[in-house]
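Please take a moment with the sequence and the model before reading on. The paragraphs that follow go from the overall fold to its charged side-chain pairs.

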Amino acid sequence: MGIAGGTRWRSRAADDYRAAMDEFIGHLDRLVSELGACDGDLADMQRAESAAALSGVRP
């Protein structure tokens, strides 16, 4: 492999790495969003349970 071939190979490897990292970051962003939504749902359920406990009425 000549210098030009090695450089092209490194360039493709770097492009592949960047693409994989972009995909990984996208997966992490979705996971964080989904965890935030679950956290909001949990907080809503806890508020409902607390209100029910204080009022003596079960939801």
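A helix is here a DSSP run of H or I that spans at least four residues, and helices are numbered from the N terminus. The model is a predicted one, and its secondary structure comes to one helix and zero strands. That helix, α1, covers residues 3-55, in a protein of 59 residues of which 7% count as buried. The accessible surface amounts to about 5,100 Å², and carbon and sulfur atoms account for 63% of that area.

Against this background, the charged pairs can be taken in turn, for the structure holds two salt bridges. One of them joins the side chains of Asp15 and Arg18, with a distance of 2.5 Å from N to O. Both Asp15 and Arg18 belong to helix α1, where a separation of three residues corresponds to about one turn of the helix. Asp15 has a relative accessibility of 39% and is therefore classed as partly exposed, since that class lies between the 20% and 50% limits.

Asp44, for its part, counts as partly exposed because its relative accessibility is 42%.

Terms used: Residues numbered from 1 in each chain as written. Predicted model: local features only at pLDDT ≥ 70, side-chain atom pairs only at ≥ 80, totals over all residues. Heavy atoms only, no water. Salt bridge = Lys/Arg side-chain N within 4 Å of Asp/Glu carboxyl O. Helix = DSSP H or I, 4+ residues; strand = E, 2+ residues; numbered from the N terminus. Buried < 20%, exposed > 50% of the residue type's maximum accessible area, 1.4 Å probe, protein only. Areas by Shrake-Rupley, 256 points an atom, 1.4 Å probe, with all protein chains shown as cover.
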